[in-house]
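Reader: I'm new to reading protein models, and I'd like to go through this one step by step. Could you help me out?

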Amino acid sequence: MAHPYRLVASRARIPVPGGKLIEELFGRVNTGTDGFSLAHMVAPPGWSEPAQTPSFGELTLVIRGRVRAEIAGETVDVSAGQALWTEPDQRVRYSNPFDEESEYFALCIPAFAPDLARRDAE
């Protein structure tokens with residue numbers, strides 16, 4: 001009988017430009033999970049990425065610093081201890097325009113995949 005749990009002992013580093021660290025704990029890359037993904041992220045000061053219109057929902061939980069999200073013409077700054085949920089198929093751009101590093105977790109439902117992020121051309 002299979003175990004009724006799954007211990008994840010390692011993280012898969014996802015390479016991205018701009019100096020942001022992404023380590024997937026659960027997801028398509030590290031565990032073959034496609035229902036959801038969970039990644040640990042560290043974004044340096046001044047980091048930004050192109051806007052995207054992902055076909056997944058995303059919960060961003062900030063544990064240190066701040067993350068900025070630009071969604072539907074609004075700007076939302078998410079501070080340590082706060083979380084932000086973005087619905088699927090909404091154009092969003094994440095950044096860290098602040099002077100301090102930010103650290104956060106991202107939970108995507110269904111799991112993140114580059115083709116599902118639907119990023120704008122840089």
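Reader: What share of the contacts in the chain with a separation of 6 or more comes from residues 24 or more positions apart?

Author: Keep in mind that this is a predicted model. Contact here means heavy atoms within 4.5 Å. Take the contacts with a separation of 6 or more, then pick out those between residues 24 or more positions apart, and their share is 65%.

Reader: Which pattern does the chain follow along the sequence?

Author: Start with the parts: the chain has 10 strands and 1 helix. Reading along the sequence, you get β-β-β-β-β-β-β-β-β-β-α.

Reader: How compact is the chain, going by its radius of gyration?

Author: For 122 residues, the globule rule gives 14 Å. The radius of gyration of the chain is close to that, at 14 Å, so the chain is as compact as a globular protein of that length.

Reader: Which strands stand at the edges of the open sheet?

Author: The open sheet has 4 strands in the order 4-9-6-7, with antiparallel pairing.

Reader: Which residue in strand 7 does A69 stand opposite?

Author: Strand 6 covers residues 66–71 and runs antiparallel to strand 7, with 6 bridges joining the two. Look across from A69 to strand 7, and the residue there is V76.

How values were computed. Residues are numbered from 1 along each chain as its sequence is written. This is a predicted model: local features need pLDDT of at least 70, side-chain atom pairs count only at pLDDT 80 or more; totals for chains, interfaces and linings use all residues. Side-chain values use heavy atoms; hydrogens and water are left out. The radius of gyration is taken over C-alpha atoms; the globule rule is 2.2 Å times the number of residues to the power 0.38. Two strands pair if DSSP finds at least two bridges between them.
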